[in-house]
Amino acid sequence: MVPIAVTLVGMAFAPGAGAAALDRGRKPVPGPTPAIATPRITRTTLANGLPVWVVSRHGLPVVSVLVQIRAGSAQDDAHPGLAAMTAALLDEGSAKHSALEFAQATSFLGASLVASSGYEQTSISLLTLTRHLDAGLGLLGEMLVGPSFKPEEVERERTSRLQSLKQARDVASTTADRVFNMVALGADHPYGRPPAGTLASIAAITRDDVLGYFGSFYRPNNAVVIVVGDVTAEAIVPRLESALGAWTAAPLPAGSRDVPAKPAAKPTAVYLVDKPGAAQSEIRIGHAGAPRTADPDYYALQVLNTVLGGQFTSRVNLNLREKHGFTYGARSTWAFRRGAGPFVASSGVFTAKTDSALVEFIKEIRDVRGARPITADEVEFARNALQRGYPRRFETDDGIADVLADFTLYELPESEISNFPAQIGRVRAEDATRVAKAYIAPDRLAIVVVGDLAKIRPGIEALELGPISVLDAEGKPVAAK
Amino acid sequence: MRSKPLGYVLAMMLFMAGGLEAQTLNVPVEAFTLPNGLRVTIHEDHGAPLVAVNLWYHVGSGREVAGRSGFAHLFEHMLFQGSAHVGVEKHFATVQEAGGTLNGSTNNDRTNYYDLVPSNFLETVLWLESDRMGFLLQALTQAKLDNQRDVVKNERRQNYENRPYGMVPIRLGELLYPEDHPYHWPTIGYPADLSAASVDDVKQFFTQWYHPSNASLVIAGDVNPDEAKRLVTKYFGDLPAGPVVPPYAAKPVTFADDVRDVIEDRVTLPQISVAWHTMPLWAPDDAVCDVAAEIIAQGKSSRLYQRLVYREQTAQTVAAFQSSRELAGVFQINVQAREGTSLVKMEAAIMEELSRLAREGPSDEELTRAKNGAEARGVYQLQTLLGKADRMNSYVTFRGKPDCFNEELENVRKVTAADVQRVLRAYMTRPHVILSVVPTGHKELAASAAPAPPGSAP
């Protein structure tokens with residue numbers, strides 16, 4: 001071991017000096033809750049109509065710039081994978097730089113400049129040292145104003161994505177997510193079809209499709225820029241004008257802002273995907289959940305999920321992991337989107353315990369609505385965890401930008417940013433139980449299991465949960481042998 | 001009013017040293033050691049109303065004894081099961097009800113435990129951490145051990161057995177190091193050894209390794225250093241020091257010949273890993289290897305990406321890194337080939353590009369890019385309290401002082417083109433490990449024999 005330089009400052013270290021013997025059985029009482037400093041936002045608009053939100057933080061010489069486009073895979077329509085492919089091609093060449101030159105210019109700055117698409121948004125994120133901000137913004141501007149989408153780059157990207165899709169089938173958890181979304185929400189639903197596309201859809205996407213998506217949705221009137229970090233609004237606006245001023249507005253395609261409808265849940269059914277030799281079974285259980293709103297239901301659902309499966313000490317993890325040792329971890333999540341994203345309970349469990357784990361999972365989902373109602377203590381615990389945990393979301397520039405991006409995407413009042421703890425504080429046990437009953441349907445679950453069917457199928461059949469289908473990794477029925 | 005004792009720098013500042021000179025990473029700390037040997041570092045940063053508590057024990061899987069692989073990590077799990085005064089299942093609950101996050105991790109050389117909580121819960125976390133440092137065994141039961149043994153076996157299934165290419169890190173350790181080397185066996189352990197672990201093993205391990213004189217505590221965030229120091233003394237001051245820790249050492253490993261192996265896995269794309277023995281953490285050429293790795297195969301500007309992924313389109317991904325640890329280091333290159341592509345071609349390309357870089361040296365642009373990247377990452381890593389705290393504990397444990405941010409950056413800044421050439425010639429021309437992963441039934445794709453030298457007949 002390396003010797004440590006010792007600096008003793010200030011006080012004596014004699015054990016118990018000047019104090020009574022420590023009573024370790026007494027849990028310390030926390031001091032007063034520190035004030036939450038929610039970010040102060042300066043809002044402005046560029047000449048082309050692009051809204052700009054700026055939060056100045058001068059602790060580190062770093063600036064985070066997030067351009068959020070209000071379109072993602074939900075706008076893929078007939079071309080699953082189109083939003084993802086378009087985003088991936090933004091940095092593969094512009095009028096000024098070839099693909100490799102662009103990569104070199106970015107990495108020369110030590111900057112991170114990444115485009116990625118989600119269901120309802122595409123984010124182009126720049127993280128740079130303040131002194132490279134101008135150069136970084138220049139590159140960001142090229143991605144939004146002048147990507148060239150050269151035919152050879154489209155083909156290169158297509159080949160790479162086809163390989164990735166094949167590779168994704170090797171990963172049991174990825175397959176489980178993909179198949180669950182298809183069967184729980186519908187293979188043609190904006191939240192059900194795979195954002196990465198299919199082998200057939202990626203093969204069929206043309207350069208014109210990419211240009212069409214880009215031209216339709218990548219518009220300043222369909223975007224927002226959120227700048228957080230070591231910069232002021234006065235300093236950043238002229239630089240954004242120079243980088244993004246040539247970006248022009250255009251009307252959005254009719255219907256493209258419609259909120260996806262919530263699909264009706266079907267009676268409970270089991271979908272199995274074979275993974276011979278798998279050491280674990282990947283389980284997904286759920287159905288369509290709830291949208292992101294500023295409605296009281298949203299906050300009650302946050303509390304409900306904290307009790308059910310949102311953190312380590314939640315019911316499903318304490319049961320499946322800490323009581324039974326079936327898994328390394330079990331959880332439940334709600335994807336709150338403009339429409340109702342999936343509610344899903346998920347875990348990877350030991351192959352030999354697959355049926356037992358399903359029983360416990362479904363019991364927890366059912367019991368939280370009635371047999372084992374949410375208690376006042378559980379609600380207090382959850383409220384504390386959520387309220388006190390809220391400031392962690394504002395620790396970094398990127399974290400702040402993400403919070404703000406959500407608020408603009410879901411068109412929530414800005415006051416909700418600081419109201420979150422108060423809203424959570426209003427949730428009572430009866431509210432959590434009410435939303436559990438309203439939003440969880442234990443007789444209408446899609447149950448997906450990806451595992452070694454030769455070993456797990458008999459046990460699952462014996463549970464008689466519902467009709468069983470066997471699917472392939474693409475969610476297509478497998479002919480009975 | 002809060003007084004500021006001389007020598008404290010209250011806000012974390014970072015300034016530019018003028019002109020073209022690069023940034024200095026100024027992370028003010030105060031360090032002291034309790035009489036029982038606990039090393040303590042306090043870093044004040046009021047950027048958010050949060051505090052990170054990060055505690056390292058200088059013990060990892062490298063200290064495990066024969067037949068007990070995976071024990072240091074299984075033991076880490078036992079530390080979350082409650083201690084004498086905290087109570088069963090109350091450790092996690094206490095931190096989560098405080099709005100905090102927490103976790104721990106184990107590697108070959110050390111085990112860390114960390115919490116991020118609102119700053120008014122600092123005392124609560126110190127109460128928790130000191131209770132499990134001093135009073136774990138009173139709360140230990142056979143049932144808890146059996147449960148966490150099952151959990152850890154599931155962790156192994158999830159992160160290794162059921163994950164494509166998941167057995168690669170385990171196999172590489174076995175191939176790179178002889179059986180008696182501390183890095184030979186995996187941190188996650190072998191299932192039979194996990195089954196054999198007993199309550200007595202837990203007691204013995206705790207007594208030997210988990211005490212103040214083998215630990216280092218970092219507190220970073222919205223704290224008053226005087227108050228933090230008072231609380232550390234209150235909760236840790238009366239814990240006994242513990243036995244003297246025996247030396248931790250290993251002889252350098254060299255190979256007479258290349259070591260080749262093939263894993264058949266349920267994967268679509270073949271993957272090759274090539275690994276050379278290099279040097280441990282903080283050895284003089286450690287940073288040179290970092291720079292070489294970046295130039296060879298990190299990101300779209302790297303040589304192997306441009307050649308294999310972009311131009312030839314025979315590979316899906318490339319990666320390179322210098323993984324330097326306390327006792328030894330490894331320089332590794334991984335290439336995932338396109339479906340059906342022979343790894344023999346990938347190995348040849350890797351060796352050609354390494355030779356070219358050794359022969360011609362990096363361009364000024366490549367060298368500057370690597371340095372700019374290191375500088376930017378040096379600043380980015382200061383964005384989170386947990387990130388800073390863990391880094392400081394790494395410095396305390398392996399370098400003997402908490403603030404080596406600038407030293408680490410300076411080690412990269414001073415790398416020259418000649419250094420890169422020298423290190424590649426010295427290390428990457430030696431016998432090494434070549435591990436192929438191929439789709440089950442496709443051993444013909446493996447790099448199972450040395451590629452023909454360039455220019456010879458195919």
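Reader: Which domains does the domain assignment of chain B give?
Author: This is a predicted model, and what follows describes that model. The bounds come from an automatic or database domain assignment. For chain B, that assignment gives domain 1 (13-236) and domain 2 (259-445).

Reader: How many residues does the contact take from domain 1 of chain B and from domain 2 of chain B?
Author: The centres of domain 1 of chain B and domain 2 of chain B, taken over C-alpha atoms, are separated by 27 Å. Residues count as being in contact if their C-beta atoms, placed from the backbone, lie within 7 Å. By that cut-off, the contact takes 37 residues from domain 2 of chain B and 38 residues from domain 1 of chain B.

Reader: Which element gives the most to the side of domain 1 of chain B that touches domain 2 of chain B?
Author: The residues of this side of domain 1 of chain B divide into 22 nonpolar, 11 polar and 5 charged. At least two residues each are supplied by β2 (23-26), β4, β5 (50-57), β7, α5 (168-176) and β8 of chain B. With 5 residues, the element that gives the most is α5(B).

Reader: In what order do the 6 strands of the open sheet in chain B lie?
Author: The edge strands, each of which pairs on one side only, are β3 (30-33) and β6 (101-106) of chain B. Neighbouring strands of this sheet are turned against each other by 15° on average, direction ignored. The pairing is mixed, and the order in chain B is β3-β4-β8-β5-β7-β6.

Reader: What is the bridge partner of Val40(B) in β8(B)?
Author: Strands of a sheet pair through backbone hydrogen bonds, either parallel or antiparallel. Here, strand β4 (residues 39-44) and strand β8 (residues 215-221) of chain B run parallel and are joined by 6 bridges. In β8(B), the residue that partners Val40(B) is Leu217(B).

Reader: Why is helix α2 (residues 90-97) of chain B largely enclosed by the rest of the structure?
Author: A residue is buried if 20 or more other C-beta atoms lie within 10 Å of its own, and among the residues of α2(B) that are buried are His91(B) and Phe92(B). What covers the buried residues of α2(B) includes α12 (376-389) of chain A, together with β6, β7 (111-118) and α3 (122-134) of chain B. Helix α2 of chain B is largely enclosed because the number of its 8 residues that are buried is 6.

Reader: How many residues does the contact between the chains take from chain B and from chain A?
Author: On the side of chain B that touches chain A, the residues divide into 29 nonpolar, 27 polar and 22 charged. The largest share of that side, 8 residues, comes from helix α4 (residues 142-161) of chain B. As a total, the contact takes 75 residues from chain A and 78 residues from chain B.

Reader: From which element comes the largest share of the side of domain 1 of chain A that touches domain 2 of chain A?
Author: Chain A is assigned domain 1 (42-244) and domain 2 (269-410 + 421-471), and their C-alpha centres lie 30 Å apart. The contact takes 28 residues from domain 1 of chain A and 27 residues from domain 2 of chain A. On the side of domain 1 of chain A, the elements that give two or more residues are β2 (51-56), β3 (62-69), α5 (172-185) and β6 (223-229) of chain A. The largest share, 11 residues, comes from α5(A).

How values were computed
Residues are numbered from 1 along each chain as its sequence is written. Chains are lettered from A and ligands numbered from 1 in the order in which they are written. This is a predicted model: local features need pLDDT of at least 70, side-chain atom pairs count only at pLDDT 80 or more; totals for chains, interfaces and linings use all residues. Two residues are in contact if their C-beta atoms, placed from the backbone, lie within 7 Å. Helices (H or I, at least four residues) and strands (E, at least two) are DSSP runs, numbered from the N terminus. Ala, Val, Leu, Ile, Met, Phe, Trp, Tyr, Cys and Pro count as nonpolar, Asp, Glu, Lys and Arg as charged, and the others, Gly among them, as polar. Two strands pair if DSSP finds at least two bridges between them. Axes are lines fitted to C-alpha atoms, for helices over the stretch in contact, and angles run from 0 to 180 degrees between N-to-C directions. A residue is buried if 20 or more other C-beta atoms lie within 10 Å of its own, exposed if 12 or fewer, and partly exposed in between; C-beta atoms are placed from the backbone.
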